[in-house]
Amino acid sequence: MSNKVIVGTQWGDEGKGKIVDLLSQDFDVIVRYQGGANAGHTVYVGNEKYIFHLLPSGVLHKGKTCVLANGIVADPDVLIEEIEGLEKRRITIDDLAISDRAQVTLEKHLKEDAAKGGKIGTTKRGIGPTYRDKIDRQGFRFGDILSDKKVREFKIPKTKINYWRTNLAQYIKDTSLLLNKLQKQGKRILFEGAQGTHLDVDFGTYPFVTSSNTVAGGAGLAGLGPRVIDDIVGIVKSYDTRVGEGPFPTELGKYHQTKKEKQPSEKNVSSLLKKINDNQANERETGKYLRAIGGEYGATTGRPRRVGWLDLVQLKYSIRVNGITELALTKLDVLDQLERIKVCTAYKMKEDHKMNGSLVKEFPLDTENVEPLYTQLKGWKESTESMRTYKKLPIAVKHYLHFIETFTETPIKIISKGKERNQTIIR
Ligand code: IMP
């Protein structure tokens with residue numbers, strides 16, 4: 001049985017939470033290896049909605065070991081709140097470990113991010129300043145919570161440290177040692193990536209990125225080495241979204257319009273759909289429709305997400321830099337009622353760029369100055385939500401899936417088309 005990494009192939013919010021929750025059943029250990037409370041994974045079980053910022057979504061399953069590895073940064077207050085929130089809903093966390101090497105987000109980091117994060121449009125969770133202090137060798141680590149000397153050095157108030165020690169001391173461990181032991185016992189490990197490939201500090205749309213390595217390679221830094229990873233699952237949403245600033249080649253409507261937008265009423269959504277299918281809608285209206293149907297409002301910040309058509313140039317790049325072996329396509333149902341569906345298959349450099357008008361097929365360094373070129377596919381205009389097998393899917397869906405698979409040379413093994421665990425087809 002193999003160990004897997006799950007990564008987002010876009011700008012985060014691809015629906016990883018649901019897929020991790022689904023796949024968790026087959027694994028013994030779930031590891032988060034980077035990022036912090038900037039992530040927001042939403043999982044629905046029946047009528048219950050759970051939002052996780054730090055804890056791996058796997059905590060919803062009994063008997064799993066959940067690990068927050070050394071590469072993460074966490075605000076202990078948020079972590080305690082999340083653990084208590086689950087306990088209040090009668091979900092006991094059987095087995096949680098936080099790396100003694102993971103970095104603590106302190107009050108000063110939150111303040112700095114709130115004051116300076118504006119340009120990038122950060123989540124204001126102190127992520128950048130915490131990672132900066134780590135790299136600058138100024139960080140306070142979870143293991144330091146247990147050291148009186150470090151607590152004095154960092155001037156952590158007594159009430160705060162007591163609160164952290166009471167609630168977290170039991171979880172703070174050498175997680176590399178723990179993972180190695182579990183690995184030797186033959187336990188199966190699932191590495192849960194947060195954010196998405198295009199927010200990676202090396203491979204993303206820099207500087208509009210987060211501060212960690214979100215790509216699958218980051219999982220190799222969890223203290224087990226990279227050789228333990230067998231499969232890499234890329235999560236791709238059937239359209240694209242982005243939160244915050246930065247280039248977005250297939251964006252529908254302008255970012256400043258999205259920022260101001262209110263959620264449309266049901267009636268408005270129906271008239272938007274009619275306009276789109278009559279070929280009368282502009283880009284902003286198409287974006288508004290996808291945002292409303294997809295519920296694209298940030299799990300962490302509540303901000304309306306920027307929305308665009310699926311970008312296969314971007315996806316191909318993600319497959320390459322992560323070494324993705326299979327894809328999971330999410331939110332297919334959002335496209336259900338559309339007459340026509342577009343996918344971006346190449347870019348043209350804008351006229352005022354030095355590569356003026358040239359055709360680009362590989363995701364370039366500069367995506368600020370590209371114009372997307374689309375292939376238009378036929379929609380299926382039928383609800384796929386209750387279809388339980390691949391065979392039952394409309395022919396136009398099969399064609400859409402086949403198009404993506406052929407273009408990216410990667411199989412789509414999971415198709416998700418609804419919030420519930422059972423609204424998923426596994427091929
Ligand atoms: P930071 O990670 O809070 O420093 O924010 C840096 C950029 O990454 C901003 O554009 C955020 O909106 C974006 N970002 C961070 N985490 C997520 C996520 O989980 N989903 C989507 N965008 C994110």
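Residues are numbered from 1 along each chain as its sequence is written, and side-chain values use heavy atoms, with hydrogens and water left out. In this predicted model, local features need pLDDT of at least 70 and side-chain atom pairs count only at pLDDT 80 or more, while totals for chains, interfaces and linings use all residues.

We can begin with the interior. In soluble globular proteins, nonpolar side chains tend to be buried together. A nonpolar core here is a set of buried Ala, Val, Leu, Ile, Met, Phe, Trp, Tyr and Cys residues joined through side-chain atoms within 4.5 Å; buried means under 20% relative accessible area, exposed over 50%, and partly exposed in between (1.4 Å probe, protein chains only). The largest such core holds 56 residues, of which V5, F191, L290, L338 and Y400 touch the most other members. Helix α12 (residues 395–408) supplies the largest share of this core, 5 residues. Helices (H or I, at least four residues) and strands (E, at least two) are DSSP runs, numbered from the N terminus. Apart from this core lies another, of 45 residues, with I93, L168, I172 and A328 among them. Contact means heavy atoms within 4.5 Å. Leaving aside residues up to four places away in sequence, F191 touches K4, V5, I6, V31, Y33, A219, A222, L224, V228 and I229.

An N or O atom in the T123 side chain lies 2.6 Å from a ligand oxygen atom, and a polar side-chain atom of T210 is 2.6 Å from an oxygen atom of the ligand. For G121, a polar backbone atom is 3.4 Å from a ligand oxygen atom. Taken alone the ligand exposes 470 Å², and the protein buries 96% of that (Shrake-Rupley method with a 1.4 Å probe; for residues, only the protein chains shown count as cover).

Helix α1 (residues 16–24) is mostly covered, with 9 of its 9 residues buried. Its buried residues include K16, K18 and D21.

Q103 lies in strand β8 and counts as buried because its relative accessibility is 5%. T105 sits in the loop between β8 (103–104) and α3 (107–116), and is likewise buried, at 3% relative accessibility. The side chains of T105 and T130 are joined by a polar contact of 3.0 Å. Not counting residues up to four places away in sequence, Q103 touches residues including V73, A74 and T130.

Elsewhere, E261 occupies the loop between α8 (255–260) and α9 (266–277). E261 counts as buried because its relative accessibility is 14%, and its side chain makes a polar contact of 2.8 Å with that of R291. Finally, C66 is buried at 2% relative accessible area and C344 at 0% relative accessibility. A search of the whole structure finds 0 disulfides, defined as pairs of cysteine sulfur atoms within 2.5 Å.

Terms used
A polar contact is a pair of N or O atoms within 3.5 Å; within protein, one must be able to donate a hydrogen and the other to accept it, and residues adjacent in sequence count only if both atoms are side-chain atoms.
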